[in-house]
Amino acid sequence: MHNFTPLSGLLGGALIGLAAALLMLLTGRIAGVTGIVGDALHGSSDDRGWRIAFVAGLIAAPLIATLFGAPLPRPAMNASLAVIAIAGLLVGFGTRMGNGCTSGHGVCGFARLSARSIAATCIFMLTAIVTVAIVRHGLGG
Amino acid sequence: MQIAASFVCGLIFGAGLLISGMTDPQKVLGFLDIFGAWDATLAFVMAGAVAVAAAGFAIARRRSAPALSARFLWPDRNDIDTPLVGGAVVFGIGWGLVGICPGPALVNLAGLSLPIVVFIAAMILGMIGHAFWGRHATAPHAVQSPALPSRADG
């Protein structure tokens, strides 16, 4: 097992949980990125402000991190642009159809002990594991 | 005030994703690749996030209203229906193909690398596509009320 970083994982995870807790305690909203972005696309304008602000916060985080010497995130991706585009379409469509992603179902749903969210999280995790197994190890590759 | 609070929450959320390493798709794929050199980090991220969120939600449950708005918009569904299962499968395939989900995608947007821009454009297209598809699929049941914000799980 290489690249295993449990401490920074726990710390970063705690911050994600703190953000979800604060968003609920302050604004009464669930910190689900899919719902926040998706409803900003076609919601009413008075409901749009806080959504855009949350997304702006997500994008601003790495920009502020550059002040402390961190590089801008430009992740290495092995997949071709065509596969990346297909993956983006599937992620956008699937998260809306299933009403949530790793934040809304995974973090907030588990924290609420929602059977619905726990089921969704188990299903998308298993599907992703099978997908990676096929892409990386399947078909004689 | 709600908008400022929301921005700060987005900022903390983004910082958490960066510190945890979950903005790096290779790290996410390393967790999903259980037959390869498995990287268990994502499980620790989830554990930390769920523990702190659960504590915060427990405090919220004891309060009558959030600090800056009229009421808590807790998700109010607990049924496991076909769209939930189908959507999770479709999302899982996309996530497994590249190792990026919506939150980390948006944090990575700051770097404006071509793959991320392509991913986010496609993701938004997929979300809009679902809205159109949903409108046609539910057209015969026109009496269906517009979804309340509290109905969304995330």
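A residue is called buried here if 20 or more other C-beta atoms lie within 10 Å of its own, exposed if 12 or fewer do, and partly exposed in between, with the C-beta atoms placed from the backbone. By this rule, 51% of the 154 residues of chain B count as buried, and for the 141 residues of chain A the figure is 57%. The model is a predicted one, in which local features need a pLDDT of at least 70 and side-chain atom pairs count only at pLDDT 80 or more, while totals for chains, interfaces and linings use all residues. Residues are numbered from 1 along each chain as its sequence is written, and chains are lettered from A and ligands numbered from 1 in the order in which they are written.

The term pLDDT stands for the predictor's confidence in each residue, on a scale from 0 to 100. For chain B its mean is 91, and 90% of the residues of this chain reach 70 or more. Over residues 141–150 of chain B, however, the pLDDT is below 50, and this stretch has eight contacts in the model beyond near neighbours in sequence. Where pLDDT is low, the predicted coordinates should not be read in detail. For the complex, the predictor gives an ipTM of 0.96 and a pTM of 0.93.

Helices (H or I, at least four residues) and strands (E, at least two) are taken as DSSP runs and numbered from the N terminus. Chain A has six helices and zero strands, and chain B likewise has six helices and zero strands. The C-alpha trace of chain A spans about 50 × 40 × 30 Å along its principal axes.

Two residues are in contact if their C-beta atoms, placed from the backbone, lie within 7 Å. In this sense 110 residues of chain B are in contact with 111 residues of chain A. On the side of chain B that touches chain A, the largest share, 18 residues, comes from H1(B). That side divides into 73 nonpolar, 29 polar and eight charged residues, where Ala, Val, Leu, Ile, Met, Phe, Trp, Tyr, Cys and Pro count as nonpolar, Asp, Glu, Lys and Arg as charged, and the others, Gly among them, as polar.

One place where the chains meet is between helix H6 (residues 115–137) of chain A and helix H4 (residues 82–98) of chain B, whose axes come within 7 Å and cross at roughly 35°. These axes are lines fitted to C-alpha atoms, for helices over the stretch in contact, and angles run from 0 to 180 degrees between N-to-C directions. Among the residues that meet here are A:Phe124 and A:Val132 in H6(A), and B:Phe91 and B:Trp95 in H4(B). By class, this contact has 17 nonpolar, four polar and one charged residues.

A nonpolar core is a set of buried Ala, Val, Leu, Ile, Met, Phe, Trp, Tyr and Cys residues joined through C-beta atoms within 7 Å. The largest has 87 residues, and those with the most contacts inside it are A:Ala19, A:Ala20, B:Ala53 and B:Phe119. Helix H1 (residues 6–27) of chain A gives the most to this core, with 12 residues. Leaving aside residues up to four places away in sequence, A:Ala20 touches A:Ala31, A:Val107, A:Cys108, B:Ala53 and B:Gly56.

Finally, A:Gly35 lies in helix H2 (residues 33–42) of chain A. A:Gly35 counts as buried because 28 other C-beta atoms are within 10 Å. A:Gly35 and A:Asn99 are 64 residues apart in sequence, but 7.1 Å apart in space, C-alpha to C-alpha.
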